[in-house]
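Hi there,

Here is the model I promised to pass on. Please open it alongside this email, and my notes follow below.

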Amino acid sequence: MKILAVCGEGIGTSVLLKMNADRVLKRLGIEALVEATDIETANATRDAQIFLTTAGLQDKLVGGAAEIIAIDKVFDLEELSDKLAAAIL
Amino acid sequence: MPNGNLANAFSAESVLLQRTATSWREAISLAGSGLVAAGVATDAYTQAMIDVVETNGPYIVIAPGFALAHARPSVEVLRWGMSLVTLVEPVRFGAGANDPVSVVVGLAAVDKQQHIEALQLLAEKLVEPEFVNSLLKLSNFERFEDILAN
């Protein structure tokens with residue numbers, strides 16, 4: 001499974017999302033490749049199953065077949081875990 | 001600049017404690033002035049960080065009371081680094097549940113790699129629920145270094 005962590009620039013917020021998603025996915029026992037990237041790159045990507053982003057950016061994303069998950073609190077691992085589990089499991 | 005230590009991302013010049021801002025733009029401007037004072041970025045990078053929010057909204061407010069101001073790597077970034085601003089009175093970014101914001105970290109990156117280790121260390125701090133509040137109590141840079149070291 002491929003997950004894109006997306007923010008406007010691909011260097012800050014998305015990197016933090018990726019780090020916390022990696023941590024949560026490991027805990028959930030889900031094997032996935034999580035890549036941090038920017039909006040334009042994400043919208044040109046077709047092989048990701050999930051776009052993970054922060055609240056407010058989801059409207060800028062064109063997910064296509066990918067499910068878009070918006071996170072309010074990036075460091076609330078419970079929120080991240082619940083939303084990823086709901087989308088994947 | 002070495003990657004390993006989060007303290008290397010910040011310097012006495014880039015840490016602005018217990019400041020006053022009346023808007024989110026002023027809060028980001030303070031974070032930008034810290035980056036400029038530390039020789040990390042130019043004034044144009046400060047504007048670029050504001051433009052990010054103008055364009056894409058307040059998604060940089062990623063935790064309660066906490067914003068990670070940043071823009072894309074560009075020629076306006078002289079070397080990677082971070083600044084810290086704590087506000088006496090919080091400001092609203094229009095960020096819903098995470099508003100209002102009293103701590104802004106400014107991030108300047110030269111590429112997608114060099115700042116990652118420091119960002120990871122910062123992330124480990126930010127999962128601690130009391131981290132943001134502990135920053136608000138700081139009155140000098142040395143105490144901030146102590147928090148980062150622990």
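Let me start with A:Lys83, which counts as partly exposed because its relative accessibility is 30% (buried means under 20% relative accessible area, exposed over 50%, and partly exposed in between, with a 1.4 Å probe and protein chains only). Before going on, a word on conventions: this is a predicted model, in which local features need pLDDT of at least 70 and side-chain atom pairs count only at pLDDT 80 or more, while totals for chains, interfaces and linings use all residues. Residues are numbered from 1 along each chain as its sequence is written, chains are lettered from A and ligands numbered from 1 in the order in which they are written, and side-chain values use heavy atoms, with hydrogens and water left out.

Back to A:Lys83: what does it form with A:Asp72? The two make a salt bridge, with 4.0 Å between the closest N and O atoms (a salt bridge is a side-chain nitrogen of Lys or Arg within 4 Å of a carboxyl oxygen of Asp or Glu). A:Lys83 sits in helix α3 (residues 77-88) of chain A and A:Asp72 in the loop between β4 (67-71) and α3, so the pair ties together parts that are 11 residues apart in sequence. Helices (H or I, at least four residues) and strands (E, at least two) are DSSP runs, numbered from the N terminus. A:Asp72 is also partly exposed, at 36% relative accessibility.

Over all chains, the structure holds 9 salt bridges. One of them joins the side chains of A:Lys2 and A:Asp47, at 3.1 Å from N to O. Since A:Lys2 belongs to strand β1 of chain A and A:Asp47 to the loop between α2 (39-43) and β3, this pair ties together parts that are 45 residues apart in sequence. A:Lys2 is buried, with a relative accessible area of 17%, whereas A:Asp47 is partly exposed at 45%. A:Lys2 and A:Asp47 also belong to a network of salt bridges that includes A:Glu35.

The strand that carries A:Lys2 is worth a look too. In β1(A) (residues 2-7), 6 of the 6 residues are buried. A:Lys2, A:Leu4 and A:Val6 point one way from the strand, and A:Ile3, A:Ala5 and A:Cys7 the other way. β1(A) runs parallel to β2 (residues 33-38) of chain A, and 6 bridges join them (two strands pair if DSSP finds at least two bridges between them).

Now to chain B. B:Asp146 and B:Arg143 form a salt bridge with closest N and O atoms 2.9 Å apart. Both lie in helix α5 (residues 141-149), 3 residues apart, and are therefore separated by about one helical turn. B:Asp146 is partly exposed at 35%, and B:Arg143 is partly exposed at 44%.

In helix α4 (residues 131-136) of chain B you will find B:Val132, which is buried at 12% relative accessibility. Leaving aside residues up to four places away in sequence, B:Val132 touches B:Pro64, B:Gly65, B:Phe66, B:Val103 and B:Leu126 (contact means heavy atoms within 4.5 Å).

Best wishes
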